[in-house]
Structures are given as structure tokens and as C-alpha cells.
Amino acid sequence: MKMKKILAVALVAALAISGVFAGGASETAVNADGKYAGIELTMWSMWNSAEPQGKVIQQAADAFAAETGCKINIEWKGRDVNTIILTALESGEKVDIFEDDYKRIGQTYKDYCLDLTQLAADRNYAAQSYACFADVATGWSGFLSSIAEQPQVGGIFYNKDIFEACGIEIPETWDEFLAACQTMVDNGYQPMALDSTYSDFFFGYHLDRRIGEAATHDLTMNGGWANNAGAIAAADDIIAFRNAGYLADGAPDEYPSSQNKIGLTGKVAMVVCANYVAPEVNNTTGTIVNWGMFNYPTISVENGGSGSTNAYAGANSLAIAKYTEHPDAAIDFCLFLTSGEWDQKMADEAQQIPADPSNVAPAIMDGTVEALLATKEPLSWSMGLGDNSAIKANLKSTVIQLFEGKFSTGLEFCQALDKLY
């Protein structure tokens, strides 16, 4: 009996060493003759290992180790990585690569980030990325501080089947958009879903088209809405849009009731949101909507607008700690993950926009790559409407009331906003 027990213990030890009991997976195969043989990097990920993004990252890390000899040790920190990464960087903790929003990287963490400008140029990063993200990140930091990994874009997401049934071409101007909405109504469809959660995003987009994001930010911070003809006109546009019957029944609704009607009824055509809305509606409703995306319509200067054609855009991105001992290996892994084969796999598996515009967006993301390539100055979320924390909640409530029809004129709405200061 003692001999059997000893043999059993020895067998368990041997299996543990071989990796059978190490989470059900063996150790990453490392190329001992590769370019970076013997190097190990630590990456803090904002995902968990069971999510589609996490699975692709781990597979890419394994492939990178097999190809180059560099092992990537991934620590799955989840969405709360932004609550701990700054302290880790300040203390010089063993972190070579980390994921977070590119704005936080470029503004909050920049003093601890490696300058990637030359490293990226040496590897022709410009040819496998969107200029808008690199330009904005460089503007924030004074240098290229991150590599875009999971791009986002906002605009109008629509059911292509409804547009086809109505014979509608993609509208570019506000007048063309209104004409398209009327055609939908005439054919028995409801043009626009709207949940109250995204009311400020919708109105912020329209304000950008009337007065631009900078002016919206200034009004949000300082008031003076009723003295701004463009802001009044923007509110009048929304009032007319609602009165024409272009909002779906019940809109603005409680999230996600209105957007779900796109999948559940087949009669609601569009929603103003970011790209995650498409898989969200499909997954929640169990309906495969034939999604497309186009940029929010523009209003020319001649017609009293700003002429802006920019889109909301953001990105979860990869940064490299300034103190890493292996910058070349680190950026090579970042680009290995965000271009070519592994970026395509990430786009396909996670149903998201590819980080490399030469890759193919999933059908559900049709139009998103084109919108990002056309964007020169990405808009922030809600285009400045959320910048004043002191009145943010009350301002959003007032915007919801605008979509509910509580104001008869744009001036009345703007006067209500001014009372918040």
C-alpha cells in the first residue's frame, strides 16, 4: 500500500510538472532559437481568459512565443485594470505591456509610457493603423503612447434590409437624412430607435453638426445656450424630427427596450450609437440583423451648420511601460496582435472592428472601417455634453425631455439648460 501511495504521489507530481493540472493547458511552446529567445514579458489585460478577446490574445501570445522565443505572461485584470495600473506603474511593478482606453493612456499614464514614435515608424505602423488614433494619442502625450487594439466608432447603425426595401441610398446631409426618414415612414417603418441612455450621444452628435464640439464644450461648461443661434437651431431640428414621427414608438425608452425593437420587430430601422450596439442587439434579441453603419449626416456652413464630418471614435489600446527592459520585443508583440492574422482573428471572434484597416470587418461591422479612415479629428463621447460634472445628470435629463417633446421651441429648451447654472 505504501508503494502504491508513493507511486501515485510521483505520478501527480509528474503530471503537475508537465502542465496537465495547470488550468488544463500545457506550458507555452517557446522557440529556443528565436529572435527573442529567453525573454519574458508581463502583460496586464483588461479582459478575462474566457472572453473571445482573451482567448485570441492568449493564442496570439502562444504563437508569438513559438515564432520568436519570447514568452508573454498574461495577467487577466479585467475592466478594473484602470483602477490599479497607475499605482503599478508608479511603483515600477513588473508590467511590460498593458491595455486600457487610449485617452487614459495618453493623458493619465503618459509619464510612465514608452515613446513608441520611432519604434512604430521603423515597423511601418502607419500602414497598418488608423491615422486618427495615432494622431490624437500623439497630441495628448507629445509622442505616440499607444497602439490601437480594439477600435470603436459611433454613428448611425441601420438595418440594410429596410433601406433596400425602401430604395434608400446612404444619406450624407441632414436634408437627405430627413428625406430618407420620410420614405421609411411612407413604407410602414419607424426610422429611429432611441433609449434615454444615449439621448446625450444623439443630441451631442447633432450639436457637433450645428456648432462643433469645441463650442458644445464651452456651452456645457459656462452656459449661454439661449444666446447661441446654432444651439437653438439644433434643438429645433430635434423637435421637428420628433414631431414628424421619426422616433420609434415609445422612444426615448428605457435601455435597451428601444434598440431591441430593431431586432424584435423588423420595423425599426436605425439607432445612433457606437459599434457595440450591433452585436448587443443581435445577442439580446436572438435575431441576426443585416447591419450597416454610416456617418452622422453633416450640415453645411451655408445651411447654418459647422460642416463637420468627424465621427466619435475611441480605442482600447496597448501601451508599453517606460521602464521595460525589452522594448523591441514588446512592440513586436503589440503589432503581432494588432495586424495581419491575429487582428483578423480578433475581429472575427469578437465581432469587432479590425485594428488593421487592411483587414476585413465582420459583416456586422459593415461601414465602420470606412468611417474611421475618413475621420481626422475623432469626437469624444457625447461631443462635450458630459464635460461639466456639476450639471451632467440634470443636463442629460433635460435632453431626454427634449426628445420626449416637453419643449415647443429650441429657445425654450436652451433657456431650460441655462437655468442649470
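Two rings of Phe, Tyr or Trp (its six-membered ring) form a pair if their centres lie within 6.5 Å, and planes under 30 degrees apart count as stacked, over 60 as edge-to-face and the rest as tilted. The structure is a predicted model, in which local features need pLDDT of at least 70 and side-chain atom pairs count only at pLDDT 80 or more, while totals for chains, interfaces and linings use all residues. Residues are numbered from 1 along each chain as its sequence is written, and side-chain values use heavy atoms, with hydrogens and water left out.

By this rule, 27 aromatic pairs are counted. Phe177 and Phe241 are stacked, because their ring centres are 6.2 Å apart and their planes lie at 0°. This pair joins distant parts of the chain, with Phe177 in helix α8 (residues 174-186) and Phe241 in helix α11, 64 residues apart; helices (H or I, at least four residues) and strands (E, at least two) are DSSP runs numbered from the N terminus. Both Phe177 and Phe241 are buried, that is, under 20% relative accessible area with a 1.4 Å probe and protein chains only. The rings of Phe201 and Tyr205, by contrast, have centres 5.5 Å apart and planes at 75°, so this pair is edge-to-face. About one helical turn separates Phe201 and Tyr205, because they are four residues apart in helix α9. Phe201 counts as buried at 0% relative accessibility, and Tyr205 is buried with a relative accessible area of 0%.

Helix α17 comes next. Leu395, Thr398, Val399, Ile400, Leu402 and Phe403 are the buried residues of α17. They pack against α9 (199-211), α10 (213-222), α11 (229-243) and α18 (410-418), where contact means heavy atoms within 4.5 Å. Just after α17, Gly405 adopts a positive phi of about 90°.

As for open space, a pocket is an open set of points on a 1 Å grid over the protein atoms alone, where a 1.4 Å probe fits, with protein on both sides within 12 Å along at least five of seven lines; lining residues have an atom within 4 Å of a point. The largest pocket holds about 500 Å³ of space, the volume being that filled by probe spheres set on the points, which are joined across faces, edges and corners. Of its 21 lining residues, Asp101, Lys103, Tyr312, Ser380 and Trp381 are the closest to the centre.

Technical notes. Buried < 20%, exposed > 50% of the residue type's maximum accessible area, 1.4 Å probe, protein only.
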